[in-house]
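Here is a short report for a reader meeting this structure for the first time. Have the sequence and the model at hand.

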Amino acid sequence: MTFILRQKSFSAEGREIIRTAKVRGDTLEIGRDPSSDVRLSDLAVALRHATLERVSPKTIGVSAEKGLRLELNGRSVQFGRFDVSQGADIRIASHLLRVMPSDPESDEVAIDVERVTEGEVELDKSDEKLFSLASVMPSKRAGAYVFTLAVLAFFLAWPIKTYYDRQQRPDQLPTMAATVAAAGQFHPDEMWSSGSLSQVHSGLQNNCTACHAKPFEAVRDESCVACHKSIHDHADPYRLARAEPDLDRWGRVRLAFQEAFNIPPGRCVECHTEHEGPMQMPATAQRFCSDCHADLNGKLPDTRLANAGDFGTSHPEFQPAVMTRWNGDRPVLQRVSLAAKPQEVSNLKFPHDMHLSKTNGVAQMARRLSRDHGFGQSLACKDCHDSDPSGARFQPVNMEEDCGMCHSLAFDVSGGTLRTLRHGEPQQVIADLRDMFRARAPSPPATLGGMSRRRPGDVMAVRNQRQFQFGSTAPGRADRAIRAVFSRGGACYDCHQVEAPASGMNYEIKPVAFPLRYMHKGWFDHKAHETETCESCHNAPASSSATDLLLPDLASCRTCHGGEASSKAVPSSCAMCHDYHFDTGTPSFLIRQKVRGKERDSVAGAEPRVASAPQRGGGGASR
């Protein structure tokens, strides 16, 4: 059997609304419970108030729950029956269920359900209008038109008029002082703003035309470049267009709309979104990089860049700029993958393992000097490597300030004053030694301890040592002293590459240089890693040669860093290390070197220039 339920209700205008539903079965549950077949929303109705049931093909029975009653054809009963062919009216609280007469042979019974009230009176349409405000109020359509016109006038016409008033009367433009005073006042065109500017652009909050140069025109790159003058394009626009991924269907639709509204693609604001609130501009999402770089060689077969899509899963090995050889006094830098285990030719001799040992003689000297110089039980990286004021990078090592703390270059005492060899100036060292012997009596002077590389604590022993015996003449003694300085065990030999002359005493020291930045295509901030130890990234304790390149490789960084969506400790997008527009800091191949006593910065492939205001030291590593 099928019960056809027709729920009746009325709209505010009196229009009848009927919702129809079918319930199959021989019983029909009636009540306030949401699971009931007929749900009556009245607190006077029990959760399960009554049940309709087909007793025979011609008879339907209705029964109320125990303790409850209902009205059947005007009589209050707990149980009753009625003929299907005649139908019946069942009243439960404020609801009327009207069972329509039906053919006993049919399998369907129609029931109209409506809500009625006591003394309900049917009113015709004319009576309804007597008690309605419709006769004195405008129609809904007229009100909608009026409201639409008001919105257009207030939010569109008024801001446009204000804008053109300012543009067409330049002689009445306010002064800077008036502009500042009016900054807190309301401007009609502020109603078009979708939000506050970011922190970096907060100064333009009341200067919309700085970016929106023309009305009803999308922000152009020219407005951005007007302030950001040092920004350059990422690459040639033609190659950029070739490298972009193919557009899908939605991308083509979006491009068509942009062309229709004169919005050129590839604008700055597509990546650098504004009006997102007074906060820092968010870092560029990884997809803006990976869309092109994940399959770059597929779009640009001639590219020299390796594909990179995600730092944790798809990134090439680091390729730092390494000095692989020298061309005279100028180093030759070459980008080499760390997978190839490159060696750095800096012309310096320095064993990290010896200086960082905790058990050898260096450690014993560090303990002995700890009171005067603040050393610990052994030397540590911080004893020689000093960070710059920002903490992001390290300053070059300086011999006089860092190495000279332990390795003295004193060679004589004159009137209570120590005389020292000129570091980085071999010709001056030779001249000073010749002058000293020329001014001395034939008997040997106080021992030239500085000619052999003395250890800490030996500086004042210059007065007492007499371990060198030179020739009977001053030139002979001077030659012996010069050879001692530049030979094995001498003050210069054990740290520098010495160029011995074929004859005579014209010794030279090969120039020393280090790149100020190795990763010139990326950026690394040491301050962000200050909770880590130096040894966790740089395996200096195991390095016995200055040619070892102590840079962490890709696998080392991946122990903490993963891609943008990685679950590792530091999810890292491309923008964390790479700047889209420019190389932050020094130029790509800037080096710091010391050649024949002159400290200078130079760029590989260009003539070196003497540094006008050199930083600390020459011949030291930039870290």
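Lys8 has a relative accessible area of 22%, so Lys8 counts as partly exposed. The model is predicted. In it, Lys8 forms a salt bridge with Glu16, and the closest N and O atoms are 3.9 Å apart. Glu16 is partly exposed too, at 40% relative accessibility.

**Salt bridges**

The whole structure holds 12 salt bridges. Side chains of opposite charge can pair when their charged atoms come close.

| Pair | N to O distance |
|---|---|
| Lys8 and Glu16 | 3.9 Å |
| Asp42 and Arg115 | 4.0 Å |
| Asp383 and Lys382 | 3.8 Å |

Take the pair of Asp42 and Arg115, joined by a salt bridge of 4.0 Å. Asp42 sits in the loop between β4 (38-39) and β5, while Arg115 belongs to strand β12, so this pair ties together parts that are 73 residues apart in sequence. Is Asp42 buried or exposed? Asp42 counts as buried, because its relative accessibility is 13% and the cut-off for buried is under 20%. Arg115 is partly exposed, at 49%.

Asp383 and Lys382 also meet in a salt bridge. Asp383 is buried, with 13% relative accessibility. Lys382 is exposed, with a relative accessible area of 59%.

Some salt bridges share partners. They join Arg6, Lys8, Glu16 and Asp112 into one network.

**Nonpolar cores**

In soluble globular proteins, nonpolar side chains tend to be buried together. The largest nonpolar core here has 27 residues. Which residues have the most contacts inside it? They are Leu52, Leu70, Ile90 and Ile111.

At least two residues each come from β1 (2-10), β3 (27-31), β5 (50-56) and β6 (59-64).

Look at Ile90 in detail. Beyond its neighbours within four places in sequence, Ile90 is in contact with Leu52, Val62, Leu70, Glu71 and Leu72, among others.

**Two residues with positive phi**

Asn73 has a phi near 55°, a positive value in a residue other than glycine. Where does Asn73 lie? Asn73 is in the loop between β7 and β8 (75-77). Its relative accessible area is 45%, so Asn73 is partly exposed.

His275 is another such case. Its phi is near 60°, a positive value in a residue other than glycine. His275 is found in the loop between α6 (249-260) and α7 (287-293). With a relative accessible area of 25%, His275 is partly exposed.

**Confidence**

How confident is the predictor in the protein chain? The mean pLDDT is 79, and 80% of the residues reach 70 or more.

Over residues 441-471 the pLDDT stays under 50. For this stretch, the model has 80 contacts beyond four places in sequence. Residues 605-623 also have a pLDDT below 50. That stretch has 61 contacts in the model beyond near neighbours in sequence.

How values were computed. Residues numbered from 1 in each chain as written. Heavy atoms only, no water. Core = buried A, V, L, I, M, F, W, Y, C linked by side-chain atoms within 4.5 Å. Buried < 20%, exposed > 50% of the residue type's maximum accessible area, 1.4 Å probe, protein only. Helix = DSSP H or I, 4+ residues; strand = E, 2+ residues; numbered from the N terminus. Contact = heavy atoms within 4.5 Å. Salt bridge = Lys/Arg side-chain N within 4 Å of Asp/Glu carboxyl O. pLDDT = per-residue confidence, 0-100.
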